[in-house]
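Me: I am new to this structure, and I would like to learn how to read its features one at a time. Could you take me through them slowly?

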Amino acid sequence: MHELTLALAIVEMAVSEAEKNHAGPIGEIEIEVGSLSGVDADALEFVLPFAAMNTRLERTAVKMIRTEGKGWCPRCDRAFAMAEAWTQCPLCGTPAGKILSGEELRIVSMMVND
Amino acid sequence: MCETCGCGEPSAFRITKSGHEEHAGNGHEHTHPHSHDEGHAHDHNHDHEHPHESEGRGKRILMIEKDILHENDLMAQRNRGYFEAKKVCCINMVSSPGSGKTTILEKTIAAFKGMRPVYVIEGDQQSMLDADRLAKLGIQAVQINTGSGCHLDANMVNRALKSLDPAPGALLFIENVGNLVCPALFDLGETSRVLVMSVTEGEDKPLKYPAMFRSAHLCLINKTDLLPYVDFRVDVAEKSAGDVNPSLQFLRISATTGDGLPAWYEWISSMINSAGL
């Protein structure tokens, strides 16, 4: 359960980006969390309002993008859906050589007023 | 409140050199202010605004596209650069509590200290116990007490490095807080990450904590002397861990009896060589 650390980091980063861009109120923040990132998107969404308390993000709407896991099979040279971090290629049973998506943990964008 | 679990009191980490007065850290500073005297600009504000007509006047979308652990990762890269410049080999040891990390370190320090300067950064929520235990071996150990926090981050390690000031060519071990969840996400700038799993734990641990197993380079399976008494199939554990991280290497050891330790020392030596340290 490290979601609160991350929520605090999100708020801090968002405030600093808003300042850098001379933005006014922040209407919405878009956050991407991959299903293989080791972070529980629901828990993160739950703690964000607490992390945002008494900051510029207090009234900001949160839009969560949940990205599904996708791996690449080195043997079949094809992508496959990964429900879990250890999901193997459904055709040949080889573990993913590379994770193509699902490890995201980032702020995508913010909608701000001048 | 704990920065990580949300439990307990305000988190203020403390760095204490074994045998010294302790220095309080003023909590996690996640902004990592640093001077730009070196002439590098950190202005990442490359006009990414994409004003959308439909959003109405005065409203705009700022494209941020930044990892949430960006600040930690930047500091980790600074640590990594420091290690490379000083030819320090840094091994981040992670595991659940009670896997035998400190005993492994005791043996490993004794084996290496005649060859290279050895240092330890100890991470625990409370107490100087581990740093004091390792300092008895005649090496320098610094203890980071994370308070109620459950992982070390790159900033804490950076501050500990300033206090430790390792000699060039050193071998530095970081004993992370015993926890298989949070430390997985926090790059410390280490040369290599070693996960310790003991046979008294469940063989399905890799499937329960995949992020940690995926982030490690080597998995030490410790306490093999207890195998006759526990229901732990090493091959099953290795198979599960290999499914999560196909490039993970394995060594079976017993820090207590010394079984398998030469292979571990050999692994460290070859890692030092291949990293050019």
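Me: In chain B, what share of the contacts with a separation of 6 or more comes from residues 24 or more positions apart?

Reply: This is a predicted model, and in its chain B residues 24 or more positions apart account for 71% of the contacts that have a separation of 6 or more. The chain has eight helices and eleven strands, and of its 277 residues 53% count as buried.

Me: Which residues is B:N92 in contact with, once its neighbours within four places in sequence are left aside?

Reply: B:N92 is found in strand β5 of chain B, which runs over residues 89-95, and beyond those neighbours it touches B:I174, B:N176, B:L188, B:E190, B:S192, B:R193 and B:V194. With one of these, B:E190, the side chain of B:N92 also makes a polar contact of 3.2 Å.

Me: Is B:N92 buried or exposed?

Reply: A residue counts as buried when its relative accessible area is under 20%, and B:N92 is therefore buried, since its relative accessibility is 0%.

Me: How many disulfides are there over all chains?

Reply: Two cysteine sulfur atoms have to lie within 2.5 Å to be counted as a disulfide, and by this rule the count over all chains is zero. A:C89, for instance, is in no disulfide, as the nearest cysteine sulfur, that of A:C73, is 3.7 Å away. B:C150 is likewise in no disulfide, and for this residue the nearest cysteine sulfur belongs to B:C182, at 3.5 Å. As for accessibility, A:C89 is buried at 3%, and B:C150 is buried with a relative accessible area of 7%.

Me: How should I read a pocket, and what is the volume of the largest pocket here?

Reply: Rolling a probe the size of a water molecule over the atoms shows where empty space is left. In this model the largest pocket has a volume of about 730 Å³, and 32 residues line it, with A:E103, B:A184, B:L185, B:R214 and B:S215 lying nearest its centre.

Me: Which helices and strands each supply at least two residues of that lining?

Reply: From chain A there is β5 (98-101), and from chain B there are α1 (70-85), α6 (210-215) and α7 (234-244). It is α6(B) that gives the most to the lining, with three residues.

Note on methods. Residues numbered from 1 in each chain as written. Chains lettered and ligands numbered in written order. Predicted model: local features only at pLDDT ≥ 70, side-chain atom pairs only at ≥ 80, totals over all residues. Heavy atoms only, no water. 1 Å grid on protein atoms, 1.4 Å probe; cavity = no way out; pocket = protein on both sides within 12 Å on 5 of 7 lines; lining within 4 Å. Points joined across faces, edges and corners; volume = space filled by probe spheres on them. Helix = DSSP H or I, 4+ residues; strand = E, 2+ residues; numbered from the N terminus. Buried < 20%, exposed > 50% of the residue type's maximum accessible area, 1.4 Å probe, protein only. Polar contact = N/O pair within 3.5 Å; in protein donor to acceptor, adjacent residues only side chain to side chain. Contact = heavy atoms within 4.5 Å.
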